[in-house]
Protein chains: 2
Amino acid sequence: MDKQSQLAAFRKGITQFVTFSDTEWEIFSTYLSFSSLNKKEHFAVEGKVCDYMAFITRGAVRYYHIKDGQEITGYFSFENELMSAYKSFVKRTPNRNYIQALEETELVMISYQHLQQMLNHPLLALKMERFGRLIAEYYICCYEDRVTAFITQSPEERYTALEKTACDIFQRVPQHFIANFLGITPVSLSRIRKRTLLQH
Amino acid sequence: MDKQSQLAAFRKGITQFVTFSDTEWEIFSTYLSFSSLNKKEHFAVEGKVCDYMAFITRGAVRYYHIKDGQEITGYFSFENELMSAYKSFVKRTPNRNYIQALEETELVMISYQHLQQMLNHPLLALKMERFGRLIAEYYICCYEDRVTAFITQSPEERYTALEKTACDIFQRVPQHFIANFLGITPVSLSRIRKRTLLQH
DNA sequence: TGTAATCATTATCTTTTGTTAACGTTTTCT
DNA sequence: AGAAAACGTTAACAAAAGATAATGATTACA
């Protein structure tokens with residue numbers, strides 16, 4: 001995808017948070033950069049401070065931890081979504097997990113440094129503060145739902161809910177990653193799938 | 001506690017996010033109000049839009065859902081912490097859970113309406129946007145850790161971790177609420193406690 | 001193209017959790 | 001002070017999940 005299309009996709013994708021005037025966008029877009037990830041390439045790794053947040057124009061990534069030498073996938077992001085090792089990015093602390101491309105992935109990126117420059121730019125500051133706030137609020141709402149699911153639902157209920165709200169994910173992501181995401185083992189997810197199939 | 005002390009506690013408590021000049025604080029504090037909750041009184045209930053966010057100067061609350069007629073406690077907040085049905089408050093949607101005082105609780109409150117006024121107030125806007133952003137970022141980090149715990153740890157590991165990081169919670173909150181918070185049943189938590197005691 | 005790696009399923013066994021109920025203790029409230 | 005409610009523990013059983021290993025099938029890639 002060419003850069004103009006990527007920029008356009010980005011501009012459209014963030015209208016749920018802020019809309020930039022043409023003048024503002026002209027300034028804003030000078031702070032952006034582009035990058036791409038090959039399949040299995042990492043956007044962020046454990047131990048390093050994450051210096052970028054990115055908008056995915058094409059592709060998909062997974063977030064995973066390593067515990068006792070085992071990879072445990074906690075989340076996914078797809079095209080038209082924002083991605084970052086959020087805590088590391090905003091707090092400037094070493095990241096504690098990995099973000100890896102599941103497919104060929106294209107990104108529009110904002111570096112931490114550029115973000116700070118924009119937050120100090122008289123013509124952008126207020127809008128950027130708001131942008132940051134609304135993004136954060138958006139993700140809080142996602143997290144709220146996710147924690148609620150762990151508290152109030154069984155693994156089977158979480159699986160059924162996921163199948164309802166995002167069944168396309170099963171076509172796109174290996175099942176054992178989804179199992180981790182649901183908080184269970186791949187073997188257990190396979191059993192749940194069989195169980196729920198037989199029920200209908 | 002008298003209002004001046006409460007205001008002082010609030011001002012101090014939010015220094016981790018923003019520091020107000022005396023002039024700013026004078027304006028800011030005119031938008032605040034005070035309230036208190038008796039034990040078991042609700043700050044937020046299911047189905048209603050939450051109109052306030054609050055700083056707890058004294059006391060404690062629990063957040064709970066009702067599923068199949070059963071209360072399931074998902075979170076707690078204590079003195080010197082901010083509290084709100086966040087998603088409902090920022091999105092103006094009906095709240096999906098309850099927030100109830102565990103003890104006599106005193107609050108400094110900001111109404112949604114007043115917050116909007118401050119966000120439009122020329123002398124406060126930028127700082128309030130930043131305040132909102134930093135609060136949201138703070139809670140995202142909390143949520144990140146919480147979700148990671150559900151993904152990577154067993155119930156027993158979550159219990160042990162909680163005992164290490166916040167063992168005082170067991171003196172203050174009924175154990176069956178903590179069980180819910182850990183994602184297990186009260187019976188199971190009782191067993192885990194016995195098990196881990198015997199191991200040492 | 002052919003070999004290796006990845007992946008989902010299944011089976012077996014163990015461990016843990018959920019469910020229900022009972023019991024005694026403590027707390028609450030009138 | 002006394003009755004009722006709330007609470008933590010324990011027991012017994014059922015259900016579910018974890019661990020490990022084996023088996024095909026598919027995919028990746030050299």
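1. Across the interface of chain A and chain B the rule finds 10 salt bridges, each being a side-chain nitrogen of Lys or Arg within 4 Å of a carboxyl oxygen of Asp or Glu. In one of them the side chains of Arg130(A) and Glu129(B) meet at 2.5 Å, N to O.

2. A quick word on the basis: this is a predicted model, where local features need pLDDT of at least 70, side-chain atom pairs count only at pLDDT 80 or more, and totals for chains, interfaces and linings use all residues. Residues are numbered from 1 along each chain as its sequence is written, chains are lettered from A in the order in which they are written, and side-chain values use heavy atoms, with hydrogens and water left out.

3. Now the extent of the interface. Contact (heavy atoms within 4.5 Å) joins 36 residues of chain A to 36 residues of chain B. The buried area is about 3500 Å², with 65% from carbon and sulfur atoms; this is the accessible area (1.4 Å probe) that two parts lose on being put together, summed over both. Glu129(A), Tyr143(A) and Ile151(A) supply 18% of what chain A buries against chain B, more than any other three residues.

4. On symmetry, a rotation of 180 degrees with 0.0 Å of shift along its axis superposes chain A on chain B, at RMSD 0.0 Å (least squares on C-alpha atoms of residues with pLDDT of at least 70 in both). The two copies are thus related as by a two-fold rotation axis. Of the residues of chain A, Arg133(A) comes closest to that axis, its C-alpha lying at 1.9 Å.
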